[in-house]
Amino acid sequence: ICELDQALASGQRALAIAADLGDVSLTVTAQHYLGNAHRSLGNYRRAIEFLQKNVACLHSELRQELFGLHALPAVSSRYSLVYCLAECGAFTEGRAPAEEGVQIAEAADHPYSRVLAYYAAGFRALRQGNLYQALPGLERALALAREVYLRLLFPQAAATLGAAYTLAELDEMLATAGSSRPRPSPGAPLPPPPSPWRWTAMPFASTRRSATSPAAASCSAPV
């Protein structure tokens, strides 16, 4: 059951308790869940606020702490942060957390965290329109998810990599055929790949959001 409104309320209570107790572990986990709940709702700006707080407070040896979660919060917070920034078109701002996530995950040699980090790097490049920069990260995420049998992450990586392969093949077909239709310029934002939280392929949606849509409103403020 996905009761996101209740998740937000519970997360805020947990965060308040963590502040009263000065409990770092509870603060990190509360901010993790609040950030991801807002991300699921499309409230990308609010999600970014919580995720950036986790990135800022998880330094030194805390980067290697799991805090009872499936992935290192220092990596998963960067993964979700990169996702939200990419959805807002803030690709430059997403470069550093994407690269840092890979470094932290590989230093810890934590498979779940490594899949998230590789996926984030590939997703950012894909949403920016850099198809061939996206493929290595997405391929590494899928290969590792298959190798260590991460059933939750495998469909996510497979769907997005499949979207990247399809777009790359179409790009090659246009180049080979010498089509008179204008080709997207390198780095032009692409339609979003299938939702990483769906296990089935979905049609691409337009990247041009209505100025009154919730997603557009959530990305209206500068990063």
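Contact means that heavy atoms lie within 4.5 Å. Helices (H or I, at least four residues) are DSSP runs, numbered from the N terminus.

The model is predicted: local features need pLDDT of at least 70, side-chain atom pairs count only at pLDDT 80 or more, and totals for chains, interfaces and linings use all residues. Residues are numbered from 1 along each chain as its sequence is written, and side-chain values use heavy atoms, with hydrogens and water left out.

**Exercise 1.** Determine how helix 7 and helix 8 are arranged and which residues meet.

*Solution.*
Step 1. Axes are lines fitted to C-alpha atoms, for helices over the stretch in contact, and angles run from 0 to 180 degrees between N-to-C directions. The axes of helix 7 (residues 131-147) and helix 8 (residues 153-177) come within 9 Å and cross at roughly 150°.
Step 2. Angles over 145 degrees count as roughly antiparallel. Helix 7 and helix 8 are therefore roughly antiparallel to each other.
Step 3. Among the residues in the contact are Leu 131, Tyr 132 and Leu 135 of helix 7, and Leu 153, Phe 154 and Ala 157 of helix 8.
Step 4. The residues of this contact divide into 16 nonpolar, one polar and four charged. Here Ala, Val, Leu, Ile, Met, Phe, Trp, Tyr, Cys and Pro count as nonpolar, Asp, Glu, Lys and Arg as charged, and the others, Gly among them, as polar.

**Exercise 2.** Carry out the analysis for helix 2 and helix 3.

*Solution.*
Step 1. The axes of helix 2 (residues 24-40) and helix 3 (residues 44-57) come within 8 Å, with a crossing angle of roughly 155°.
Step 2. That angle makes helix 2 roughly antiparallel to helix 3.
Step 3. The contact includes Thr 27, Val 28 and Gln 31 of helix 2, as well as Phe 50, Leu 51 and Cys 57 of helix 3.
Step 4. Seven nonpolar, six polar and three charged residues make up the contact of helix 2 with helix 3.

**Exercise 3.** State how many disulfides are counted, and decide whether Cys 84 and Cys 219 are buried or exposed.

*Solution.*
Step 1. A disulfide is a pair of cysteine sulfur atoms within 2.5 Å; the count comes to zero. For Cys 84, the nearest cysteine sulfur, that of Cys 88, is 6.9 Å away.
Step 2. Buried means under 20% relative accessible area, exposed over 50%, and partly exposed in between (1.4 Å probe, protein chains only). Cys 84, at 0%, is buried, and Cys 219, at 15%, is buried, whereas Cys 57, at 27%, is partly exposed.
Step 3. Cys 219 lies in the segment after helix 9 (214-218). Leaving aside neighbours within four places in sequence, Cys 219 is in contact with Tyr 44, Arg 45, Glu 87 and Cys 88.

Notes: Helix = DSSP H or I, 4+ residues; strand = E, 2+ residues; numbered from the N terminus. Parallel < 35°, antiparallel > 145°, perpendicular 65-115°, else oblique.
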